[in-house]
Amino acid sequence: MGKNKDFWGVEFRLFLTIWVIYLFFISTYGGSYIAESAIHQTMSIVDHGSFEVDDYMKEGCKVSGCDYSFYKGHFYSGFAPGISFLVIPFYIITKAIMPFLFFAGYTQNQVATTIVIILSAIFLFSLFSTLTSVLVYKFVSQITKNKKHRLIIPFIFSFGTLFFVYSTGFYPRIVSTLLVFLSFYLLFKFKKEKSNNLLLFIAGFCSAFAVTIDFPQIITLGLLFLYLISFDRSKNIFYFLLGVAIPLIFLTIYNYMVYDSLSPSSYTYRARMTQEMSYNTLEYGASLPSLDKAISFLFSLKYGLFTYMPILFISIFGFWFGIKNKEYSKEMLLFLFIAIAQFLFYISYTVLDPCSFGLRYLLPILPFLIIPIVFVLNKKIFTKSVIFLSSISVLVNFLGTSIYFGCVKENLGYYFKTLINRGVSSYTLTLISEKFIYLSDLTKTAITFTWVIFISLIIYFIWKK
């Protein structure tokens, strides 16, 4: 009995619960610009030892761009290179099973890309997101001894934020979020124990590797370093810097080999055909922070953080009480600075109008925004507000997982109208209906809720003592 109890511990139950729900809503395997751009570079690396993706991309993308970059006559992934290297094992597995597959009118590249997306969604993105939730639980457990409060925070994070939507598909920022939060957690652990310099090395490596996946995480890396020297200015910091150096050297070499530049250039050379039938060379730039964008990214129906995740209103009070808590004031200030710095970075973009559910660019700050809520959970005045706002947040993001299936430039009102007019579905059911057997909206809604009930039963048995 003792072994069984240890095996089915709270962390494992939490992990299994979140992962099972994410897997039900698995998405993007029908194809997406992000996935194809990154995976085609993976294919080129494995097949030819090259970064050029000319032979893998769709012909139409050579005109429209499709999130590829273009430099000196060749196309490359338009994203940071780290994710292309991470999915190499999945492509190797895919190549091994390809001879046994029937393509049914699809090209070999299309089938291979789909398989890699599915494997990545299951064993990389949803898995890493779930691990982030477990880490959130572990850190919150340091703050409170209340067992219910320990679980409330990771569940709010997993299902009441944009992570619910983006953990189900091929979205690299999910990985960078785990890496930066893991880096913080290891630094926090070192602060408590100060006994293992390996923690500093791994923390440095993880935070820097996050930069190879999502360039703006260089800001978080800098803040994590400041956090480290706030409690340790000894020679130990060189272990952290050594860990940082390895991924950044890799990134520098990649940028030089592909773009003849020492700085990240994937976004600079995003392929966009101009009227003169030539590719422009600059899509993104920076300016002073825009007040209009700040308001839009906070409160608009299209991108607003507080609109898509109203539970974040409670985070404001959480930061207030957390910073006043002497034991965790440094951590709460770090969280606040990370959120503000990333936010300022994105409202300084001269071009930023993604077709997405909410603003996916800010995914990496979400665990840092949700955790402070733990400081208000023991205050009765906030109890009803937490229940109400977290319920709304879960509902909103459930709509994202059951309605958002691709590049949609619509506001939140669109998803509620769709719920009323068509009901809910899942990416898989929608794909089946469009490609194979027509399913009515009522049928898709009925199947979706049947599966939700089935998953609920699984979760019940996971948590049943």
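In what sense do strand E1 and strand E2 pair, and over how many bridges? Strand E1 (residues 68-71) and strand E2 (residues 74-77) pair in the antiparallel sense over 4 bridges. This is a predicted model, in which local features need pLDDT of at least 70, side-chain atom pairs count only at pLDDT 80 or more, and totals for chains, interfaces and linings use all residues. Residues are numbered from 1 along each chain as its sequence is written, and side-chain values use heavy atoms, with hydrogens and water left out.

**Strands and hairpin**

- Strands (E, at least two residues) and helices (H or I, at least four) are DSSP runs, numbered from the N terminus.
- Two strands pair if DSSP finds at least two bridges between them.
- Serine 69 has tyrosine 76, in E2, as its bridge partner.
- The hairpin of E1 and E2 has 2 residues between the strands, and lysine 72 takes a positive phi near 50° there.

**Disulfide**

- A disulfide is a covalent bond between the sulfur atoms of two cysteines.
- Here a disulfide is counted when a pair of cysteine sulfur atoms lies within 2.5 Å, and the count comes to 1.
- The disulfide joins cysteine 61 to cysteine 66, with an S to S distance of 2.2 Å.
- The torsion about the S-S bond of cysteine 61 and cysteine 66 is about -80°, so the disulfide is left-handed.

**Buried and partly exposed residues**

- Buried means under 20% relative accessible area, exposed over 50%, and partly exposed in between (1.4 Å probe, protein chains only).
- Cysteine 61 and cysteine 66 are both buried.
- Cysteine 206 has a relative accessible area of 7%, so it is buried.
- Serine 64, in helix H4 (residues 61-64), is partly exposed at 39%.
- The C-alpha atoms of serine 64 and threonine 212 are separated by 25 Å, and the two residues are 148 residues apart along the chain.

**Threonine 28**

- Threonine 28 is found in the loop between H2 and helix H3 (33-48).
- Its relative accessible area is 5%, so threonine 28 is buried.
- Leaving aside neighbours within four places in sequence, threonine 28 is in contact (heavy atoms within 4.5 Å) with Ile117, Gly169, Phe170, Tyr171 and Tyr427.

**Helices H2 and H22**

- Helix H2 (residues 10-24) and helix H22 (residues 441-463) pack at an angle of about 170°, with their axes 10 Å apart.
- Axes are lines fitted to C-alpha atoms, for helices over the stretch in contact, and angles run from 0 to 180 degrees between N-to-C directions.
- H2 and H22 are therefore roughly antiparallel to each other, a term for angles over 145 degrees.
- Residues of H2 including Leu14 and Phe24 meet residues of H22 including Trp451 and Ile455.

Conventions. Parallel < 35°, antiparallel > 145°, perpendicular 65-115°, else oblique.
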